[in-house]
Amino acid sequence: MVEADGVPVGLAVAGANVNDFKLARETMESVPVKRPRPSLQKPQGLCLDKGYDFDEIRDLAREFRFTAHIRSRGEEAKLIRRSARFKARRWVAERTHSWMNRFRRILIRWEKKPENYTGMLHLALACIAYQASGLFLG
């Protein structure tokens, strides 16, 4: 889970054969910082792709007080056909995933224990967050 600028805020680890939407609750619960309470003036959006287009995900977003923005299946394809200039808006999370590819220890999983791999993920995401903060002078 990333915030609007791509800074990582939550993490859930599972095997590659687990569907992403099944980890949604675990990912939302993993956010360590207490969120400000959303209001009508300052709602908090949750942007998800069509892989999360399920009623249980919409219920989960309501439970965590997010305003869900979930692309329905086929919606993006219709917009692409209608306008040649249309571009998908998934790039924020995808960009953060590509930043993780800089860490060889993450790219190639050497750890057998999930706890060790999770620790390496936390370290990599902390480095990404620190660099995004602007405090890095190197």
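Two strands are taken to pair if DSSP finds at least two bridges between them, where strands (E, at least two residues) and helices (H or I, at least four) are DSSP runs numbered from the N terminus. The model is a predicted one, in which local features need pLDDT of at least 70 and side-chain atom pairs count only at pLDDT 80 or more, while totals for chains, interfaces and linings use all residues. Residues are numbered from 1 along each chain as its sequence is written, and side-chain values use heavy atoms, with hydrogens and water left out.

Strands E1 and E2 pair in the parallel sense over four bridges, and glycine 45 stands opposite threonine 67 of E2. Together with helix H2, these strands make a right-handed β-α-β unit; a crossover is called right-handed if, with the strands pointing away from the viewer, the path from the first strand over the helix to the second runs clockwise.

Within helix H2 (residues 55-63), Ile57, Leu60 and Ala61 are buried, a term that denotes under 20% relative accessible area, with exposed denoting over 50% and partly exposed the range in between (1.4 Å probe, protein chains only). Seen down the axis of H2, the buried residues fall within an arc of 100 degrees, so they line one face of the helix; the arc is that of the directions from the helix axis to the C-beta atoms. These buried residues pack against helix H1 (24-29), strand E1 (45-48) and strand E2 (67-70), with contact meaning heavy atoms within 4.5 Å. The face of H2 turned away from the buried side carries the exposed residues Asp55, Glu56 and Arg62.

In the loop between H2 and E2 lies arginine 65, which takes a positive phi of about 60 degrees just after the helix. Most residues other than glycine have a negative phi. Arginine 65 is partly exposed, at a relative accessible area of 46%.

When residues up to four places away in sequence are not counted, threonine 96 touches Val2, Gly6, Pro8 and Ile128.

With regard to cysteines, the structure holds zero disulfides, a disulfide being a pair of cysteine sulfur atoms within 2.5 Å. Cysteine 47 is exposed, with a relative accessible area of 64%, whereas cysteine 127, at 36% relative accessibility, counts as partly exposed.
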